[in-house]
Every structure is written in C-alpha cells, then in structure tokens.
Amino acid sequence: MLKVLWFTLIFFVAAVIAVVATFPMKAALKWAEPSRHGLSYGGAYGTIWNGGVSNAAYLGQTLGRVDVAITPASFLRGKIAAKVSVAGEVAVARGDVLAAFENIQLENVIADINVQKLIYLDPRLRHTPSKLKVSIKRSDLTYDGRCNSMQSSLETDVLAVVGRQWQWTGPR
C-alpha cells in the first residue's frame, strides 16, 4: 500500500512539473491581461520559459517581436528573472529584466532606436533621419511607471542632424 502511495505521489509531482514546464505563453498572457498595462500583441508562441509575442505594441507604439527566456531558478529568490529581446522597425534591443513584488529592474539593456518610427515624436523631427542609442546599466522602476533610480547613457545624432539646417555642428 505504501509503495502505491509513493508511485501516486511521484506521478502527480511529475505531472505538475510537466504542466509547468510546457505552460504555453498564449495561456499565460490571456491570464495576465497585458492590455490593462498598455501592452498588446498579435500572437504568442512558445512556453512561459522560452517564448514570446509577435506584433507587440506598448501604449500604441509598435515594438515588433519580443522574445522572453525566463530563468526558473530565479523563483527560488521570490523574483522572476528573464532575458528579453525586441526586434522591430522602431528598435532592436536586449537586456535582463528582474520582476519582484515591489519593483521591476532592468539591467544590461542595449537598444538602438529609429527616432522617426516613434509615434510620440515632434513632427518637425520626423523628416530628420536620426538614431538614438540607449544603454541602461541598471534601473529600478515601479509598476505604475515611476523611475526610482537609473544608471544609463543616451547617445543621439538628432541635434547634429537638425543643426545642419542652420550650419551648426554640435556634439553627439
């Protein structure tokens, strides 16, 4: 009888592990309701551990394909750690995300942004091809969008490009 109980317990533990290991990204996103936070997407693929979304957008700004790879061991620390990459017309980016109950941390983020594809851009800059490079060493964000701290650098050629109209040469 004890042997049957052990085999039953092992079966249920294995079944739970199998369900968690293969949990589809599509089902997780349906449950999480990302639209409440301004996120939308066209389709989801893969599992919650290694998957992503296509045709992603945030507050109306198109992002493109977003791939996510979650580190399962991070759950032991009460956090979710993931490697995230974005590929689209607006930006190509990659970095680490660490989500906890009280905040979200971004680390080692590198992004190349096509300024002309930003929807919240001053129309006078729309005709001026320029790039924006963002490097975030570490940032601490709240879930309502406030930034508590950030170590980052930005580099753009927009001032030099716009300045050419007035024969101005400025720093990057």
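These exercises work through side-chain pairs, a helix face, a surface patch and backbone angles in a predicted model.

Local features need pLDDT of at least 70 and side-chain atom pairs count only at pLDDT 80 or more, while totals for chains, interfaces and linings use all residues. Residues are numbered from 1 along each chain as its sequence is written, and side-chain values use heavy atoms, with hydrogens and water left out.

**Exercise 1. Salt bridges**

Task: State how many salt bridges the whole structure holds, then describe the pairs of D67, K117 and E107.

Solution. 
- Step 1. The search of the whole structure returns six salt bridges.
- Step 2. Take D67. Its side chain meets that of R65 in a salt bridge, 3.1 Å from N to O. For accessibility, buried means under 20% relative accessible area, exposed over 50%, and partly exposed in between (1.4 Å probe, protein chains only). D67 is partly exposed because its relative accessibility is 25%. R65 is partly exposed at 43%.
- Step 3. Take K117. Its partner is E89, with the closest N and O atoms 3.7 Å apart. This pair links distant parts of the chain, 28 residues apart: K117 sits in the loop between β7 (104-114) and β8 (131-141), E89 in the loop between β5 (80-87) and β6 (91-99). Helices (H or I, at least four residues) and strands (E, at least two) are DSSP runs, numbered from the N terminus. K117 has 37% relative accessible area, so it is partly exposed. E89 reaches 62% and counts as exposed.
- Step 4. Take E107. It bridges to R138, and the closest N and O atoms are 2.5 Å apart. E107 in strand β7 and R138 in strand β8 are 31 residues apart, so the pair again links distant parts of the chain. E107 is partly exposed at 25%. R138 is partly exposed at 37%.

**Exercise 2. A residue of β8**

Task: Decide whether S139 is buried or exposed, and list its contacts beyond sequence neighbours.

Solution. 
- Step 1. Locate it. S139 belongs to strand β8.
- Step 2. Check accessibility. S139 has a relative accessible area of 1%, so it is buried.
- Step 3. Find contacts (heavy atoms within 4.5 Å). Neighbours within four places in sequence are set aside, which leaves I104, Q105, L106, S149 and M150 in contact with S139.

**Exercise 3. Aromatic geometry**

Task: Classify the ring pair of W49 and F75.

Solution. 
- Step 1. Set the rule. Rings of Phe, Tyr and Trp (its six-membered ring) pair if their centres lie within 6.5 Å; planes under 30 degrees apart count as stacked, over 60 as edge-to-face and the rest as tilted. The count is one aromatic pair.
- Step 2. Apply it. The centres of W49 and F75 are 5.5 Å apart and the planes stand at 75°, so the pair is edge-to-face.
- Step 3. W49 is in the loop between β2 (43-46) and β3 (50-58), and F75 in the loop between β4 (61-71) and β5, so the pair ties together parts 26 residues apart in sequence.
- Step 4. Check cover. W49 is buried at 18%, whereas F75 is partly exposed at 40%.

**Exercise 4. The two faces of α2**

Task: Which residues of α2 are buried, and which exposed residues does the face turned away carry?

Solution. 
- Step 1. In α2 (residues 25-32), the buried residues are M25, A28 and L29. They cover an arc of only 95° around the axis, so they lie on the same side of α2. The arc is that of the directions from the helix axis to the C-beta atoms.
- Step 2. The face turned away from the buried side carries the exposed residues K26, K30 and W31.
- Step 3. The buried residues of α2 pack against β2, β3 and β4.

**Exercise 5. Positive phi**

Task: Where do E33 and N108 lie, and what are their phi angles?

Solution. 
- Step 1. Recall the background. Most residues other than glycine have a negative phi.
- Step 2. E33 follows α2, in the loop between α2 and β1 (39-40). Its phi is positive, about 50°, although E33 is not a glycine. E33 is partly exposed at 43%.
- Step 3. N108 lies in strand β7. N108 is not a glycine either, yet has a positive phi of about 55°. Its relative accessible area is 45%, so N108 is partly exposed.

**Exercise 6. Surface patch**

Task: Which residues form the nonpolar patch on the surface?

Solution. 
- Step 1. Select residues with over 30% relative accessible area and no salt bridge; nonpolar side chains (Val, Leu, Ile, Met, Phe, Trp, Tyr) are joined within 5 Å, like charges within 9 Å.
- Step 2. The patch is L2, L5, W6, F7, L9, I10, V13 and I17, with about 880 Å² of accessible area together. Areas come from the Shrake-Rupley method with a 1.4 Å probe; for residues, only the protein chains shown count as cover.
- Step 3. Take one member, I10. It lies in helix α1 (residues 2-21) and is exposed at 51%.

Key. Salt bridge = Lys/Arg side-chain N within 4 Å of Asp/Glu carboxyl O.
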